[in-house]
Amino acid sequence: MSRIVYVNGDYLPEEEATVSIFDRGFLMADGVYEVTSVLGGKLIDFAGHARRLARSLTELDMVMPMSEDDLLAIHRDLVAKNGIEDGMIYLQVTRGAPGDRDFAFPPEDTPQTVVLFTQNKPGLADSPAAKTGIKIISIDDIRWGRRDIKTVQLLYPSMGKMMAKKAGADDAWMVENGSVTEGTSNNAYIVKGGTIVTRQLSTDILHGITRAAVLRFAKEAQMKVEERPFTIEEAQEADEAFVTSASTFVMPVVEIDGTTLGDGTPGPVATRLREIYLEESRKAAI
Ligand code: PMP
């Protein structure tokens with residue numbers, strides 16, 4: 001059965017949904033996106049994603065295409081129309097299709113392109129990888145300087161995932177000036193002596209919605225959190241490591257550049273944080 005997707009005000013079967021060849025998202029990666037998870041038919045941390053969307057748009061001189069309530073209604077419609085129990089809702093807003101190609105931004109009254117679609121992932125919270133942990137490699141971070149804006153410029157992260165795959169790993173952490181920025185599509189953490197270490201927020205990394213929730217839960221559970229840069233060498237000597245993102249929640253890391261962490265199985269802090277995150281997020285889902 002084909003999906004029902006949302007394009008610029010219409011709900012259509014995916015085969016009938018189109019955008020212009022002049023769309024600036026297509027020509028210039030001039031657009032932003034969000035991914036919101038669905039568990040048990042409900043949205044996880046919708047308000048956080050809506051807030052970050054508004055911020056990404058503002059930073060690029062774009063406006064919210066509609067109210068947060070209308071955005072929520074579309075998310076819920078898509079969950080219902082596609083019968084999603086567990087999965088993700090992808091949302092993208094671009095600067096629209098001015099009808100030709102020009103580097104200059106089009107007139108402000110050019111309609112934005114707004115697209116949303118569902119990804120059905122039954123059992124999303126029970127992924128086998130969460131039980132075994134994942135292996136990562138390190139790669140240079142050669143992305144642009146505004147990684148806090150969630151743009152659709154995902155070529156380098158895609159290449160990073162391919163580099164990891166080629167090396168027999170699952171994902172990559174990016175390194176700049178000697179320290180880890182973040183994963184290709186997640187925030188990165190290590191745990192040493194019970195202290196959770198993750199890079200502080202800046203324009204160097206995406207301000208993960210899952211990161212914010214996980215750090216809040218960690219502090220509530222009296223775990224010690226240090227927000228500072230760390231190196232790959234420090235990570236390799238850590239007791240455990242993990243990543244967070246909206247679609248993988250808290251995912252343990254068991255190997256970094258060929259070095260096994262601890263006994264090579266998911267550590268207790270990552271395991272506990274995953275449990276707390278899933279439990280609390282399900283409770284707060286809307
Ligand atoms: N960093 C990057 C580069 C990402 O692409 C993502 C996922 N979109 C994250 C971090 C995690 O963010 P979130 O928890 O909001 O999914």
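## Salt bridges across the chain

The model is predicted. Across the whole structure, a search finds 21 salt bridges. One of them joins Asp 171 to Lys 161, with the closest N and O atoms 3.1 Å apart. This pair links distant parts of the chain: Asp 171 belongs to strand S8 (residues 171-176) and Lys 161 to helix H5 (residues 155-166), 10 residues apart.

The two partners can be compared by accessibility. Asp 171 counts as buried because its relative accessibility is 5%, under the 20% limit. Lys 161 has a relative accessibility of 31% and counts as partly exposed.

Some salt bridges form a network, and the residues linked in it are Asp 141, Arg 143, Arg 147, Glu 176 and Glu 182.

Glu 275 and Arg 272 form a salt bridge whose closest N and O atoms are 3.1 Å apart. Both residues are in helix H8 (residues 268-284); because they are three residues apart there, about one helical turn separates them. Glu 275 is partly exposed, at 42% relative accessibility, and Arg 272 is partly exposed with a relative accessible area of 42%.

Helix H8 also holds Lys 283 and Glu 280, three residues apart, or about one turn of the helix. Their side chains meet in a salt bridge at 3.2 Å, N to O. Lys 283 counts as exposed, at 60% relative accessibility, whereas Glu 280, at 28%, counts as partly exposed.

## The largest nonpolar core

In soluble globular proteins, nonpolar side chains tend to be buried together. Here the largest nonpolar core has 29 residues, and those with the most contacts inside it are Leu 39, Ile 196, Phe 242, Phe 249, Leu 273 and Tyr 277. Several elements each supply at least two residues of this core, among them strand S3 (31-39), helix H6 (209-220) and strand S14 (249-256). Helix H8 gives the largest share, six residues.

Leu 39 gives a local view of the packing. Leaving aside neighbours within four places in sequence, Leu 39 is in contact with residues including Ile 44, Leu 124, Phe 249, Leu 278 and Arg 282.

Notes
Residues numbered from 1 in each chain as written. Predicted model: local features only at pLDDT ≥ 70, side-chain atom pairs only at ≥ 80, totals over all residues. Heavy atoms only, no water. Salt bridge = Lys/Arg side-chain N within 4 Å of Asp/Glu carboxyl O. Helix = DSSP H or I, 4+ residues; strand = E, 2+ residues; numbered from the N terminus. Buried < 20%, exposed > 50% of the residue type's maximum accessible area, 1.4 Å probe, protein only. Core = buried A, V, L, I, M, F, W, Y, C linked by side-chain atoms within 4.5 Å. Contact = heavy atoms within 4.5 Å.
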